[in-house]
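Please read the numbered points with the sequence and the model at hand.

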Amino acid sequence: MPNTLNPLELIARRWQPSAAFVRRAALATVVMAVIIVVTGGAVRLTQSGLGCSTWPKCTPDSLTPTAAMGINGIIEFSNRMLTDVLCVVVGVFIIAARARHPRRRGLTRLAWGQFWLVMSNAVIGGITVLSGLNPYIVGAHFLAATALLTVAVLSWKRAGEGDEEPRDLVARPVRQLAWLLVAATGALTVIGTVVTGAGPHAGDAHKVHRIPVNWQEMTQLHVDFVYIVVGLTAALWFTLRAVKAPAAPRRMVGELFACLALQGVIGYVQYFMGLPEIVIGFHMLGSTLVWICALRLALSLRDRGPLPAGPEEPAEKSEATQPVAAGSR
């Protein structure tokens, strides 16, 4: 009896995506992960968290929102439909990563990791609705979306580099400083989630249980961690210049500085304006950009060699091995 090929193997035998296509597919998952975070915030900020009263249907009798549910039902249901778009984008990346020759199992595992994170977050989202917007479940929902963004960024990075053992481009203490910066940024995100769970924007117009802490004190702790992240970023910037690090990480630390500065301006604006919803939405977008920049910066301090060449393709140079422009040191 002949061996039966799975669908992904059949596609791999008939289609050979370019390395550039795989990278674009990986980048698309990053973009969609950001959109999911921002639109999820829009659901909460427009008090549409219970726009659909149940899950997986929108109402006990209808899969889609009814006219009586108004704009809140449309917003909540639209956010659910975006998960379908996200599944399609992640599916394209899985297929492209699997079809690419030579086969890269590490990249394929990252692609499948995104799929399972999407599925688990969809379940958490359902529990969020069924629990009446329990703030702890809402926080877990956001952190799961951040985990998806993290894996998407790792996938994007891996799609553009080789499979050799990682080689440090700077001394080990410098890399440790970069990962300390990532850890501090992660803590900043978690504290921001607690502020959200305790703050005034509960996600629904009716009384919703909040995390029993003083949200203004948590906001002050959040600001304190902002200063820590900014200080670590400044320390890393000086360190990278002192050790004459490659151009890519020095450029990325500048990008992180820019995101932090913009995020700081947005933070003060929302504080002095009394937490307007639209400004908070921009703050959530800024938080995703800061997290992306911090991850890319830490990952740029090691090199895994050139990207494996496909059939009849020349080998590509790793970004880390590109020549440094004159005068950039």
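Which salt bridge do the side chains of Asp 168 and Arg 175 form, and what is its N to O distance? The answer is given in point 4.

1. Basis of the note. The model is predicted, so local features are reported only at pLDDT of at least 70 and side-chain atom pairs only at pLDDT 80 or more, while totals for chains, interfaces and linings use all residues. Residues are numbered from 1 along each chain as its sequence is written, and side-chain values use heavy atoms, with hydrogens and water left out.

2. Overall make-up. The protein chain has nine helices and two strands; helices (H or I, at least four residues) and strands (E, at least two) are DSSP runs numbered from the N terminus. Along the sequence the order is α-α-α-α-α-β-α-α-α-α-β. Of its 329 residues, 45% count as buried, where buried means under 20% relative accessible area, exposed over 50%, and partly exposed in between (1.4 Å probe, protein chains only). Among contacts (heavy atoms within 4.5 Å) between residues at least 6 apart in sequence, 77% join residues at least 24 apart.

3. Surface. The accessible surface of the protein chain comes to about 16,600 Å², and 67% of this belongs to carbon and sulfur atoms. Accessible areas come from the Shrake-Rupley method with a 1.4 Å probe; for residues, only the protein chains shown count as cover. Trp 55, Val 123, Ile 127 and Leu 130 make up a nonpolar surface patch with about 360 Å² of accessible area together. Patches are made of residues with over 30% relative accessible area and no salt bridge; like charges are joined within 9 Å, and nonpolar side chains (Val, Leu, Ile, Met, Phe, Trp, Tyr) within 5 Å. Trp 55 belongs to the loop between helix H2 (19-45) and helix H3 (70-99) and is partly exposed, at 31% relative accessibility.

4. Salt bridges. A search of the whole structure finds 10 salt bridges, each defined as a side-chain nitrogen of Lys or Arg within 4 Å of a carboxyl oxygen of Asp or Glu. To answer the opening question, the side chains of Asp 168 and Arg 175 meet in a salt bridge at 2.7 Å, N to O. Asp 168 is partly exposed at 34% relative accessibility, whereas Arg 175 is buried at 18%.

5. Glu 76 and Arg 80 form a salt bridge whose closest N and O atoms are 3.0 Å apart. Both residues lie in helix H3, four residues apart, about one turn of the helix. An α-helix has 3.6 residues a turn, so residues three or four places apart point the same way. Glu 76 is buried, with a relative accessible area of 7%, and Arg 80 is buried as well, at 13%.

6. A bridge between loops. Asp 163 and Arg 104 meet through their side chains in a salt bridge of 2.9 Å, N to O. Asp 163 lies in the loop between H5 and strand E1 (167-168), and Arg 104 in the loop between H3 and helix H4 (105-130), so the pair ties together parts that are 59 residues apart in sequence. Asp 163 is partly exposed at 40% relative accessibility, while Arg 104 is buried at 6%. Both belong to a salt-bridge network that also links Lys 157, Arg 158, Glu 161 and Arg 302.

7. Helix H8. The 26 residues of helix H8 (residues 247-272) should span 38 Å at 1.5 Å a residue, and the end C-alpha atoms are 38 Å apart, which agrees; the expected span is 1.5 Å times one less than the number of residues. The buried residues of H8 pack against H6, helix H7 (215-242) and H9. After H8 comes Gly 274, whose phi is positive, near 80°.

8. Gln 263. This residue of helix H8 is buried, with a relative accessible area of 11%. The side chain of Gln 263 reaches the backbone oxygen of His 283 at 2.8 Å. Beyond residues up to four places away in sequence, Gln 263 touches Phe 282, His 283, Gly 286, Ser 287 and Val 290.

9. Ser 300. Ser 300 sits in the loop between helix H9 (277-299) and strand E2 (302-303) and is buried, at 3% relative accessibility. Not counting residues up to four places away in sequence, Ser 300 touches Lys 157, Leu 169, Pro 249 and Met 252.

Conventions:
Polar contact = N/O pair within 3.5 Å; in protein donor to acceptor, adjacent residues only side chain to side chain.
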